[in-house]
Amino acid sequence: MSVSYHEQQPTVLVLDFGAQYAQLIARRVREARVYSEIVPFDISAKEVERRAPAALILSGGPASVYAEGAPRMDRRILEMGVPILGFCYGMQLMALELGGEVPRTDIGEYGFAELEVTAPACRLFEDVPERSQVWMSHRDSVGTVPDGFSVTARTAITQVAAMEDPQRKLYATQFHPEVAHTEFGQDIIKRFLHDIAGIPPVWTMVNIIDETVEQVREQVGEGRVICGLSGGVDSSVVAALLHRATGDRLTCVFVDHGMLRLDEADQVVRTFRDQFHIDLVHVDAEERYLSLLAGVTDPEEKRRIIGEEFWKVFFEEATRLEGVTWLAQGTLYPDVIESGNKTAAKIKSHHNLIPFPEGVHFDLIEPLKALFKDEVRAVGAELGLPDEIVHRQPFPGPGLAVRIIGEITHEKLEILRRADAIVREEISAWDRDRAVWQYFAVLPDIRSVGVMGDERTYGRPIIIRAVTSADAMTADWARLPHELLARMSNRIINEVDGINRVAYDITSKPPGTIEWE
Ligand code: XMP
């Protein structure tokens with residue numbers, strides 16, 4: 001990534017020394033209303049100078065500064081006079097590069113630690129009490145600070161838990177202020193940004209929208225744009241933003257594969273055609289999909305068919321429109337970050353691989369590519385998208401197809417849609433529903449015996465899945481109240497024909513996955 005996405009904004013560059021810390025730091029900086037971007041650790045001083053950041057943050061990383069091939073930075077960056085804050089590995093590197101010492105030790109410090117601020121006049125810790133809780137995760141630590149630096153905090157194990165050279169505007173902490181476990185972490189970050197680096201908190205939603213709209217206008221000029229809508233957050237926000245930027249020169253194509261949840265397709269049409277007055281092509285392709293999926297039971301095969309058909313239908317419609325040269329896509333920032341890890345950077349290039357048919361080409365426009373997911377949601381809300389779309393739970397592209405085990409038929413889709421609507425209705429009415437990451441119903445491919453009234457039944461079960469999670473990488477089954485489970489079970493059996501049993505999935509991930517396929 002060679003250009004900044006939002007050039008008018010004062011920008012903080014986060015040097016990424018690996019692991020997952022850099023993204024979290026970039027988000028915390030943005031939460032402090034300062035625009036930030038992640039750059040690889042080996043960015044040159046010249047490139048930093050060209051980008052003229054208002055401040056720099058050096059992230060932590062998993063390596064030991066002594067490990068072979070451990071990431072190093074261009075030393076001249078530390079001498080440019082730009083305010084710099086280093087965390088953990090970033091602090092050790094700052095110390096080493098400027099002549100301090102980082103002795104090898106055998107004692108690490110992991111988890112909570114009590115921080116004692118030893119320099120009460122330290123500006124970085126102005127909002128931090130003398131003693132507070134911080135999060136540590138390190139083995140090596142600074143033994144001797146470089147000339148010009150002083151020690152500003154310690155813990156029981158780490159003598160140099162923070163250091164600073166206010167003259168050169170260089171600050172560093174051995175602990176991680178970016179994680180929630182560090183009690184005053186965000187205060188430290190804000191103090192550094194607003195006070196020490198003097199960056200005003202101007203990165204606001206209104207600002208983001210205005211700037212993005214301006215960029216889109218510059219990019220497409222008088223051109224016409226097409227945008228694929230799925231009902232999901234990203235494509236909905238792209239559509240609403242593009243509409244603000246280009247008005248009636250935007251056409252949205254909504255490929256409705258028939259695997260959406262109850263009322264979802266109607267809501268897309270209501271929102272974009274009736275509320276936003278966007279030129280919307282609604283392709284009702286359920287029958288087309290069902291005939292392709294007839295007899296198919298293999299989950300990968302189902303996904304392949306649905307994915308390929310989506311682009312076929314989309315381009316059929318797209319090429320029918322006159323004078324459209326731009327295709328808008330909901331790529332987000334985490335999809336394009338050039339990580340400190342070079343192999344990760346390669347994997348990230350996949351997002352541009354749209355399967356254009358022979359002879360068809362559109363130029364891509366990606367108005368969300370500088371934003372994190374929570375920012376996309378905030379933009380959507382600001383643009384007036386309904387809550388159901390802005391706070392929509394993750395929903396697989398192939399939709400209910402992944403939640404019907406075995407062959408997909410219209411009848412099974414109807415059963416699942418109705419059972420799923422009950423699950424969603426009941427859990428969303430529960431006062432702690434926001435603590436649940438995702439909840440839905442699954443229709444497995446089995447039947448079992450039951451009894452209703454005096455009759456023996458041979459019906460299908462519905463499985464309820466509800467999980468708590470932070471990022472879908474790991475998850476735990478939600479401890480829903482028994483009364484809530486009982487209500488869902490009663491309603492599903494009474495209201496959905498063909499269902500005679502309800503089960504609750506009590507598997508965490510791993511070993512299970514969130515979805516059933
Ligand atoms: P699993 O089932 O692997 O799912 O634990 C992890 C998360 O990813 C969502 N998911 C998808 N999201 N397209 C998506 O955009 C897909 O094809 C897809 N498949 C699974 C799933 O809902 C969960 O949040």
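Strands S8 and S9 form a hairpin with 4 residues between them, and lysine 169 in the turn has a positive phi of about 60 degrees. Helices (H or I, at least four residues) and strands (E, at least two) are DSSP runs numbered from the N terminus. The structure is a predicted model, in which local features need pLDDT of at least 70 and side-chain atom pairs count only at pLDDT 80 or more, while totals for chains, interfaces and linings use all residues. Residues are numbered from 1 along each chain as its sequence is written, and side-chain values use heavy atoms, with hydrogens and water left out.

**The protein overall**

- The protein has 15 helices and 19 strands.
- Its C-alpha trace spans about 85 × 60 × 40 Å along the principal axes.
- Of the 517 residues in the protein, 54% are buried, where buried means under 20% relative accessible area, exposed over 50%, and partly exposed in between (1.4 Å probe, protein chains only).
- Contact means heavy atoms within 4.5 Å. Among contacts between residues at least 6 apart in sequence, 76% join residues at least 24 apart.

**Strand S9 and its partners**

- Two strands pair if DSSP finds at least two bridges between them. Strand S8 (residues 162-165) and S9 pair in the antiparallel sense over 4 bridges, and tyrosine 171 in S9 is the bridge partner of glutamate 164.
- Strand S4 (residues 84-87) runs parallel to S9 and is joined to it by 4 bridges; here glycine 86 has alanine 172 in S9 as its bridge partner.
- From strand S9 (residues 170-173), Leu170 and Ala172 point one way, Tyr171 and Thr173 point the other way, and all are buried.
- Leucine 85 is found in strand S4 and is buried, with a relative accessible area of 0%.
- Leaving aside residues up to four places away in sequence, leucine 85 touches Leu56, Ile57, Leu58, Leu124, Tyr171, Ala172 and Phe192.

**The five-stranded sheet**

- An open sheet is formed by 5 strands in the order S12-S11-S10-S13-S14, with parallel pairing.
- Its edge strands are S12 (279-284) and S14 (363-365), each of which pairs on one side only.
- Neighbouring strands of this sheet are turned by 30 degrees against each other on average, direction ignored. For such angles, axes are lines fitted to C-alpha atoms, for helices over the stretch in contact, and values run from 0 to 180 degrees between N-to-C directions.
- Strand S11 (residues 250-256) runs parallel to S12, and 6 bridges join the two. Phenylalanine 254 stands opposite histidine 282 in S12.

- Helix H6 (residues 233-246) lies across strand S10 (224-229), S11 and strand S13 (324-328), and runs at about 160 degrees to S10.
- Helix H7 (residues 264-275) has 12 residues, which at 1.5 Å a residue should span 16 Å; the end C-alpha atoms are 15 Å apart, which agrees. The expected span is 1.5 Å times one less than the number of residues.
- The buried residues of H7 are Glu264, Ala265, Gln267, Val268, Val269, Thr271 and Phe272. These buried residues pack against S10, H6, S11, S12 and helix H13 (387-390).
- Glutamate 97 lies in helix H3 (residues 89-97) and is buried, with a relative accessible area of 12%.
- Apart from residues up to four places away in sequence, glutamate 97 touches Arg72, Met73, Arg75 and Leu78.

- Phenylalanine 395 is placed in the loop between H13 and helix H14 (410-429) and is buried, with a relative accessible area of 13%.
- Not counting residues up to four places away in sequence, phenylalanine 395 touches Met259, Leu260, Arg261, Glu264, Leu400 and Arg403.
- Phenylalanine 395 and leucine 413 are 18 residues apart in sequence and 16 Å apart in space, C-alpha to C-alpha.

**The ligand site**

- A polar side-chain atom of lysine 509 lies 2.7 Å from an oxygen atom of the ligand.
- A polar backbone atom of isoleucine 514 is 2.7 Å from a ligand oxygen atom.
- An N or O atom in the side chain of glutamate 515 is 2.5 Å from an oxygen atom of the ligand.
- Arginine 303 and leucine 85 are 46 Å apart in space, C-alpha to C-alpha, and 218 residues apart in sequence.

Methods: Polar contact = N/O pair within 3.5 Å; in protein donor to acceptor, adjacent residues only side chain to side chain.
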